[in-house]
Amino acid sequence: MSILADDFPIKLSAFNELTRDMRDAGITVERLELADNKIFINPLSVDLLSRRFGHELRGVRYATVGRRTRNTVTIRGVDVVWFSLVKEQNQ
């Protein structure tokens with residue numbers, strides 16, 4: 001008898017595979033949150049992410065709080081997150 005959800009092994013496999021592929025591509029993974037299905041990367045790795053995984057990006061989202069923007073994209077069903085500073089507007 002299993003206490004895990006039926007789809008847990010599939011989600012875990014996708015999460016681990018994406019994490020490995022990102023690291024192999026030279027992307028700096030800063031934090032993993034399996035429970036929330038999120039991989040946090042260093043903002044300096046965004047260009048690498050775009051080049052290597054651009055064709056797989058889904059669900060691009062942004063949320064600004066204070067002086068930081070939380071950027072989120074979905075790749076293979078996993079959310080990839082990085083933070084950037086809000087750019088000041090010249091008025």
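## Salt bridges in a predicted model

Aspartate 7 is partly exposed, with 34% relative accessible area (buried means under 20%, exposed over 50%, partly exposed in between, using a 1.4 Å probe and protein chains only). Its partner in a salt bridge is lysine 11, which is partly exposed at 48% relative accessibility. A salt bridge here is a side-chain nitrogen of Lys or Arg within 4 Å of a carboxyl oxygen of Asp or Glu, and by this rule the count comes to 7 salt bridges.

This is a predicted model, where local features need pLDDT of at least 70, side-chain atom pairs count only at pLDDT 80 or more, and totals for chains, interfaces and linings use all residues. Residues are numbered from 1 along each chain as its sequence is written, and side-chain values use heavy atoms, leaving out hydrogens and water.

| Salt bridge | Closest N to O distance |
|---|---|
| Aspartate 7 and lysine 11 | 3.4 Å |
| Arginine 76 and aspartate 21 | 2.7 Å |

Now have a look at arginine 76, partly exposed at 30% relative accessibility. It forms a salt bridge with aspartate 21. Arginine 76 sits in the loop between strand S4 (68-75) and strand S5 (78-85) and aspartate 21 in helix H1 (residues 8-24), so the pair ties together parts that are 55 residues apart in sequence. Helices (H or I, at least four residues) and strands (E, at least two) are DSSP runs, numbered from the N terminus.

Glutamate 56 is buried, at 17% relative accessible area. Together with Glu17, the residues Asp21, Glu56 and Arg76 are linked in a network of salt bridges.
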